[in-house]
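Let's take a friendly walk through a few local features of this model. Please have the sequence and the 3D view open as you read.

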Amino acid sequence: MTWNLLHVKCFEVVKCSLKIFLIATCGSQPALQFTFAHLNSIKFVSFLSHEDMEMQEMALKVLGNICYGNDEMIDEVIETNCLARVKEIMMSDSKLSHVACWFMANIAAGNTSHIDELIELGVFEVAYKLIFSTSNSSVLPRITI
């Protein structure tokens with residue numbers, strides 16, 4: 001019983017802590033730099049596969065905010081090997097697919113090597129299918145490639 005209460009409390013603390021990074025990286029350059037400097041030690045990428053969708057969303061947004069910084073930051077995010085997982089989220093029928101699309105757009109705003117990474121991963125094909133599969137439907141379908 002004690003362990004379950006501790007686990008729930010810890011889970012909520014982690015969730016609230018992620019929210020701090022999310023809010024701070026939206027507009028504060030020092031917070032963005034701090035988050036970038038601790039990208040691997042905080043392990044934001046691991047939250048992309050968390051069972052709690054809100055945790056996934058916050059991690060995705062924090063990483064997307066980091067990608068909005070500069071080419072060096074985009075390089076570091078790419079080096080975490082998270083793009084395949086973000087593509088999976090993008091292709092899913094979850095409420096997070098639009099956040100994953102926004103994340104990929106931030107990568108695409110980088111230099112040509114970043115765009116090449118997206119091409120190699122097949123992100124443009126997914127985006128193309130999303131555009132045409134949703135233009136005649138109000139529901140986002142699951143995509144298979």
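In helix α2 (residues 29-37), the buried residues include Ala 31, Leu 32, Thr 35 and Phe 36. Seen down the axis of α2, its buried residues fall within an arc of 135°, so they line one face of the helix; the arc is that of the directions from the helix axis to the C-beta atoms. An α-helix has 3.6 residues a turn, so residues three or four places apart point the same way. On the other side of α2, Pro 30 and Ala 37 are exposed. Here, buried means under 20% relative accessible area, exposed over 50%, and partly exposed in between (1.4 Å probe, protein chains only). Helices are DSSP runs (H or I, at least four residues), numbered from the N terminus.

This is a predicted model, in which local features need pLDDT of at least 70 and side-chain atom pairs count only at pLDDT 80 or more, while totals for chains, interfaces and linings use all residues. Residues are numbered from 1 along each chain as its sequence is written, and side-chain values use heavy atoms, with hydrogens and water left out.

| Side-chain atom | Backbone atom | Distance |
|---|---|---|
| oxygen of Ser 28 | nitrogen of Ala 31 | within 3.2 Å |
| polar atom of Ser 92 | oxygen of Ile 89 | 2.7 Å |

Ser 92 is found in the loop between α6 (83-91) and α7 (97-108), and counts as buried at 12% relative accessibility.

Finally, Phe 11 has its place in helix α1 (residues 2-24). Phe 11 lies 41 residues from Asp 52 in sequence and 10.0 Å from Asp 52 in space, C-alpha to C-alpha.

Key
Helix = DSSP H or I, 4+ residues; strand = E, 2+ residues; numbered from the N terminus. Polar contact = N/O pair within 3.5 Å; in protein donor to acceptor, adjacent residues only side chain to side chain.
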